[in-house]
Amino acid sequence: MVIGITGGIGAGKSQVLTFMEEEFGAACYQLDEIAHQLMEPGHSCYEQLVDLFGEDSILLPDKRINREFLSAAVFTNPRLMEKVNNIVHPMVKEYILGEISCIHLEDPSKIIVIEAALLIEDHYDKICDEIWYIYTEEAVRRERLMEGRGYSKEKVDSIMKTQLSDQEFRKNCQKVIDNNGCLSKTREELKKALVF
């Protein structure tokens with residue numbers, strides 16, 4: 001069983017992954033983390049991103065990619081974001097397909113959970129048996145991002161503006177997990193969702 005977990009920024013997707021791993025022994029993958037690994041020197045995305053931006057712009061003194069620079073550059077330039085996505089996303093997908101194949105060979109009954117904000121846009125419905133939407137009210141998400149991560153109102157606005165609406169998430173996901181209340185309520189919802 002391959003489950004995709006998605007939702008807007010600040011919805012608590014990482015919290016859901018932790019629960020899935022601890023309670024159900026799921027193999028969990030955060031696609032952002034995989035992307036960061038593939039951007040390290042010697043990995044598949046590194047050279048292409050350096051070629052796109054130039055060494056002077058994108059590299060830190062230790063020759064690693066400056067992810068803060070990269071994030072700021074793409075959020076203000078949709079064309080550049082598309083170019084970066086065209087480099088990174090196919091390689092992330094190739095990596096996760098390899099992981100799924102290995103896990104299926106070792107333990108066909110194991111639940112695999114992959115998490116990303118862009119599962120729907122990147123057509124992970126072709127890989128996942130189900131996609132679950134982690135729903136959290138926008139006001140709660142804003143508070144988490146500004147207080148928990150120290151984001152400015154402007155940064156939160158710019159990120160949320162690029163993400164799917166609640167209606168789009170609901171339309172494209174098989175299950176909705178409400179993550180507005182306490183964690184125990186979310187856990188109960190996840191347990192119910194795992195009954196097929």
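What follows is a short chat about a predicted model.

Colleague: What should I know before I start?
Modeller: This is a predicted model, where local features need pLDDT of at least 70, side-chain atom pairs count only at pLDDT 80 or more, and totals for chains, interfaces and linings use all residues. Residues are numbered from 1 along each chain as its sequence is written, and side-chain values use heavy atoms, with hydrogens and water left out.

Colleague: Which strands pair with β3?
Modeller: Strand β1 (residues 2-6) pairs with β3 in the parallel sense over four bridges, and β2 pairs with β3 in the parallel sense, also over four bridges. Strands here are DSSP runs of E with at least two residues, helices are runs of H or I with at least four, and both are numbered from the N terminus. Two strands count as paired if DSSP finds at least two bridges between them.

Colleague: Which residues stand opposite each other there?
Modeller: I5 is opposite E115 in β3, and Y29 has I114 in β3 as its bridge partner.

Colleague: And which way do the β3 side chains point?
Modeller: I112 and I114 point one way, V113 and E115 the other, and all are buried. Buried means under 20% relative accessible area, exposed means over 50%, and partly exposed is in between, with a 1.4 Å probe and protein chains only. In a regular strand the side chains alternate between the two faces of the sheet.

Colleague: What about β4, buried or exposed?
Modeller: Six of the six residues of β4 are buried, so β4 is largely enclosed by the rest of the structure. E130, W132 and I134 point one way from β4, and I131, Y133 and Y135 point the other way.

Colleague: Which strands does β4 pair with?
Modeller: β4 pairs with β1 in the parallel sense over four bridges, with G4 opposite I131. β4 also pairs with strand β5 (residues 175-178), again parallel and over four bridges, and there Y135 stands opposite D178.

Colleague: Switching to helices. At what angle do α2 and α6 cross?
Modeller: The axes of α2 (residues 31-38) and α6 (residues 78-106) cross at roughly 105° and come within 10 Å. The helices are therefore roughly perpendicular to each other, a label for 65 to 115 degrees, while under 35 is roughly parallel, over 145 roughly antiparallel and the rest oblique. Axes are lines fitted to C-alpha atoms over the stretch in contact, and angles run from 0 to 180 degrees between N-to-C directions.

Colleague: Which residues meet there?
Modeller: L31, I34, A35, Q37 and L38 in α2 meet V88, M91, V92, Y95 and I96 in α6. Nine of the residues in this contact are nonpolar, one is polar and none is charged. Contact means heavy atoms within 4.5 Å.

Colleague: How many residues are in the largest nonpolar core?
Modeller: It has 41 residues, and L31, L49, V88, I114 and Y124 have the most contacts inside it. The largest share, nine residues, comes from α6. Such a core is a set of buried Ala, Val, Leu, Ile, Met, Phe, Trp, Tyr and Cys residues joined through side-chain atoms within 4.5 Å.

Colleague: What is L49 in contact with?
Modeller: Apart from neighbours within four places in sequence, L49 is in contact with M39, G54, I58, I65, V84, I87 and V88.

Colleague: Last one: which residue other than glycine has a positive phi near 60°?
Modeller: H123 does, in the loop between β3 and β4. K63, in the loop between α4 (55-58) and α5, has a positive phi of about 75° and is not a glycine either. H123 is partly exposed at 45% relative accessible area, and K63 is partly exposed at 47%.

Key
Nonpolar A, V, L, I, M, F, W, Y, C, P; charged D, E, K, R; others polar.
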